[in-house]
Amino acid sequence: MIKKFFITGTSSGIGLALAQMLLDSGHVVVGIARRNAISHKNYHHNTLDLADIEEVEKFTFKVNHDFEELILVNNAGWIGEVKPVGKLKDQNIARLNNINITAPSILMNRFLDQTENSGIERTIVNVSSGAAKSTIRSWAGYCASKAAIDMFSRVIKEEHPDVNVYSIAPGVVDTEMQRDIREVDAKDFADVDRFRSMKAEGELKSSEDVARVFVDLLENKEKTLGTVFSLRDL
Ligand SMILES: NC(=O)c1ccc[n+]([C@@H]2O[C@H](COP(=O)([O-])OP(=O)(O)OC[C@H]3O[C@@H](n4cnc5c(N)ncnc54)[C@H](OP(=O)(O)O)[C@@H]3O)[C@@H](O)[C@H]2O)c1
């Protein structure tokens, strides 16, 4: 049976790989990003800046009964301005929180409300990070936003036991986000060499590898490890 996915950040990296894999399997994907990289009969794109909360509040989860499952994947994310606290621009702090926690929270709220009486199985996947649990200098806002999405997910699971809710750290993945991280000046980011070395040593996963595991977990939910977990722990 066909499933309907709502996925943020479908224009690059993990979100693009996941959307393409799902479309190849015959599912329907509604994507959100500022750019669009997909052309497919079962793909519907919403050009939206998730930092623009007034626009996010207009997003509607259209449901009909042709689908076996409705799945929201909050995948879009921003590493933020990579600098120690004290050197950040105020508007970048607000922008990061809008993209990484406020917009996903609003989308989850609207998803749960607008699909409540659908009678269809419902699933939420938030793409979290190991940075939710480990401190990384110059990533304070990013670390805090990922810790917030983990906790938001845990509370939803208690409120809505009938909904499948996951907040999953994917590991280090070879995407535009990692490219941006490696390009930061060492004076702003003390750990930059660690990220440059990981890339040089070929230690990054591909987006396709991560997407494949996400698809497998969604098809075999008994393989998931509770609400908040890392792909490293599987
Ligand atoms: N790569 C890693 O090593 C890693 C590790 C742990 C967690 N993650 C998480 O994985 C998720 C996906 O990241 P990625 O690595 O695949 O990065 P990516 O290649 O940079 O992709 C990020 C996606 O988010 C979208 N996005 C960013 N800002 C947006 C905005 N203001 N409005 C709408 N969409 C926005 C981008 O679309 P547009 O630019 O077109 O808007 C893009 O499609 C993120 O939540 C990230 O925190 C990544």
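**Ground rules**

I number residues from 1 along each chain as its sequence is written. Because this is a predicted model, local features need pLDDT of at least 70 and side-chain atom pairs count only at pLDDT 80 or more, while totals for chains, interfaces and linings use all residues; side-chain values use heavy atoms, with hydrogens and water left out.

**Entry 1: the sheet**

I started with the strands, which are DSSP runs of E, at least two residues, just as helices are runs of H or I, at least four residues, numbered from the N terminus. I found 7 strands in an open sheet, ordered 3-2-1-4-5-6-7, with parallel pairing. Strands count as paired if DSSP finds at least two bridges between them. Strand 3 (43-47) and strand 7 (228-230) stand at the edges with a single partner strand each, so one side of each has no neighbour in the sheet. On average, neighbouring strands are turned by 20° against each other, direction ignored. For such angles, axes are lines fitted to C-alpha atoms, for helices over the stretch in contact, and the values run from 0 to 180 degrees between N-to-C directions.

**Entry 2: strand 5 and its partners**

Next I followed strand 5 (residues 121-127), which is joined to strand 6 (residues 164-169) by 5 bridges in a parallel run. I noted that T123 has N164 in strand 6 as its bridge partner, and that I124 stands opposite V165 in strand 6. Then I looked up the packing, taking contact as heavy atoms within 4.5 Å. Helix 7 (residues 207-219) packs on the sheet and touches strand 1, strand 5, strand 6 and strand 7; its direction makes about 150° with that of strand 5.

On accessibility, I used buried for under 20% relative accessible area, exposed for over 50% and partly exposed for values in between, with a 1.4 Å probe and protein chains only. Strand 5 is mostly covered, as 6 of its 7 residues are buried.

With strand 4, strand 5 pairs in the parallel sense over 6 bridges. There, N74 has N126 in strand 5 as its bridge partner. I traced the chain from strand 4 through helix 3 to strand 5, and this β-α-β crossover is right-handed. That label applies if, with the strands pointing away from the viewer, the path from the first strand over the helix to the second runs clockwise. A right-handed β-α-β unit is also made by strand 5, helix 4 (residues 140-159) and strand 6.

S138 has a positive phi of about 75° although it is not a glycine, and S138 counts as buried at 10% relative accessibility.

I went to D113, which sits in helix 3 (residues 90-114). D113 is exposed, with a relative accessible area of 52%. Its C-alpha atom is separated by 13 Å from that of I124, 11 residues apart along the chain.

How many aromatic pairs does a search of the whole structure find? I got 10 aromatic pairs. Rings of Phe, Tyr and Trp (its six-membered ring) pair if their centres lie within 6.5 Å; planes under 30 degrees apart count as stacked, over 60 as edge-to-face and the rest as tilted. F6 and F111 have ring centres 6.4 Å apart and planes at 70°, so the pair is edge-to-face. This pair links distant parts of the chain, with F6 in strand 1 (residues 4-8) and F111 in helix 3, 105 residues apart. F6 is buried at 3% relative accessible area, and F111 is buried at 0%. One aromatic cluster is formed by F6, F59, F61 and F111.

**Entry 3: salt bridges**

My search of the whole structure gave 17 salt bridges, each a side-chain nitrogen of Lys or Arg within 4 Å of a carboxyl oxygen of Asp or Glu. K3 forms one with E69, the closest N and O atoms being 3.2 Å apart. K3 lies in the segment before strand 1 and E69 in strand 4, so the pair ties together parts 66 residues apart in sequence. Both K3 and E69 are buried.

I also looked up D193 and R196, whose side chains meet in a salt bridge (3.6 Å, N to O). Both lie in helix 6 (residues 192-200), 3 residues apart, about one turn of the helix. R196 is partly exposed at 33% relative accessible area.
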